[in-house]
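Hi,

Here is the structure I said I would pass on.

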Amino acid sequence: MSRIIKTFKTPFSGKLVEIGPDVDGDVIIMAIESSCDETACAVVRNGREVLANVVASQIKTHQKFGGVVPEVAAREHLESINLVIAEAFEQSKLNPSDITAYAATVGPGLVGSLLVGLNAAKALAITYDKPFIGVNHLNAHVCANYIDTDLKPPFVALLVSGGHTQVIRVDSYIEQHIVAETIDDAVGEAYDKVARLMGLPYPGGPNLDKMSKNGDKYAYKLPQAKVGDDEFSFSGLKTAVLQLCRRLKENLGELPKEDVAASFQECISDTLVKKTVNIAQKHNIKTLALAGGVAANSEIRRKFFDLENDGYKVYAPPMKYCTDNASMVAASAYFLANTMDDLSQEVFSRVK
Ligand code: KG4
Ligand code: ZN
């Protein structure tokens with residue numbers, strides 16, 4: 001197999017710098033993540049060893065609006081960006097010149113927010129004459145699985161976040177193929193919408209997860225969408241929960257929130273596991289990895305780790321690397337997973 005190494009030019013002197021999993025010697029990447037409501041900066045050695053991981057969350061700010069307000073998010077990133085960078089240098093005990101390359105998420109995400117992180121990383125790269133590496137947020141979520149592990153491709157990844165739901169076949173560090181995708185809502189979006197209709201505060205996902213722990217997951221049978229093997233659909237489920245809540249309120253006067261939450265979680269987690277296993281079987285792959293904010297979900301994790309009894313090797317990042325963070329961005333830059341290295345690289349809001 002060919003060695004995975006890419007040569008980057010530094011912006012000022014044009015010096016050549018090698019990055020990639022087959023480079024001899026240490027590659028230290030500082031990365032910035034600012035695609036949504038977390039301002040994060042991390043320093044990672046050789047794609048797997050975290051030397052600093054700093055996250056400034058905006059949850060409290062957006063809670064009063066019931067969701068992320070893009071303009072408010074961008075302004076808050078501006079306020080936090082220098083602080084998280086300084087903190088990451090301090091945690092790692094490194095100087096800017098010790099960094100091999102600077103990376104940032106370039107999309108998908110909120111454009112105003114992405115610009116803050118992108119421009120900070122570009123400024124560092126230009127000032128210290130180091131390569132700049134642009135990272136795709138979705139690839140970064142998958143690469144969170146390399147941190148502190150020995151995971152190597154090939155494997156099948158289930159990526160479940162606020163904006164995306166995909167099954168990805170990872171053939172090598174640099175080759176990832178989407179083999180299934182949602183045709184409507186993302187899993188995180190379904191969680192957040194159902195949580196809102198049940199009156200739970202933002203962010204809905206973790207609150208609904210917590211609430212479902214005290215409920216009976218077999219209380220109500222909710223429908224699983226009848227779509228193709230390479231498709232997910234969650235908008236029908238959301239409507240079914242809405243109708244169920246109305247009916248229960250009418251009949252009982254009060255909503256048995258815990259049971260509804262647990263039944264919703266059972267339906268979603270069952271769908272995700274069945275589809276992923278089906279795809280893994282089809283591609284003859286026995287290694288699975290979970291990724292994205294919803295990979296923090298207790299029931300989805302439990303069901304996936306249960307698959308180890310069926311001979312699967314299962315990976316899932318610890319909670320802090322499931323939700324948005326910059327260590328996964330640095331890992332993605334190191335493994336060259338769908339990266340962009342041009343200093344003229346601009347941000348993008350959606351996957352084209
Ligand atoms: O990956 P992420 O941090 O941001 C995006 O890239 O979208 O994912 C955020 C999503 C939100 O929808 C949030 O409600 C959901 O992940 N989430 C959860 C849990 N923790 C976060 N959903 C279900 N259960 C959880 N424990
Ligand atoms: Zn994310």
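To start with a question: which residues in α5 meet which residues in α8? On the α5 side they are V187, A190, Y191 and V194, and on the α8 side F264, Q265, I268 and L272, with contact meaning heavy atoms within 4.5 Å. Of the residues in that contact, seven are nonpolar, one is polar and none is charged (Ala, Val, Leu, Ile, Met, Phe, Trp, Tyr, Cys and Pro count as nonpolar, Asp, Glu, Lys and Arg as charged, and the others, Gly among them, as polar).

Before going on, some housekeeping. This is a predicted model, where local features need pLDDT of at least 70 and side-chain atom pairs count only at pLDDT 80 or more, while totals for chains, interfaces and linings use all residues. Residues are numbered from 1 along each chain as its sequence is written, chains are lettered from A and ligands numbered from 1 in the order in which they are written, and side-chain values use heavy atoms, without hydrogens and water.

Back to the helices: the axes of α5 (residues 187-197) and α8 (residues 257-282) come within 12 Å and cross at roughly 175° (axes are lines fitted to C-alpha atoms, for helices over the stretch in contact, with angles from 0 to 180 degrees between N-to-C directions). So α5 is roughly antiparallel to α8, the term for angles over 145 degrees. Helices (H or I, at least four residues) and strands (E, at least two) are DSSP runs, numbered from the N terminus.

Then there's the sheet. Six strands make an open, mixed sheet in the order β11-β10-β9-β8-β12-β13, where pairing takes at least two DSSP bridges between two strands. Its edge strands are β11 and β13 (313-315), each pairing on one side only. β9 (residues 165-170) and β10 (residues 176-182) run antiparallel, joined by five bridges, and form a hairpin with five residues between them; I168 stands opposite I178 there. On its way to β11 (residues 231-232), β10 has two bridges and the pair runs parallel, with E181 partnered by E231 and T182 opposite F232.

Last, the zinc ion (ligand 2). Its protein donors are H137 (NE2), H141 (NE2) and D324 (OD), 2.0 to 2.1 Å from it. Donors are N, O and S atoms within 2.8 Å of the metal (3.2 Å for Na, K and Ca); water is not among the atoms, so the site may look incomplete. H137 and H141 are both buried (under 20% relative accessible area with a 1.4 Å probe, protein chains only).

Cheers

Notes:
Parallel < 35°, antiparallel > 145°, perpendicular 65-115°, else oblique. Buried < 20%, exposed > 50% of the residue type's maximum accessible area, 1.4 Å probe, protein only.
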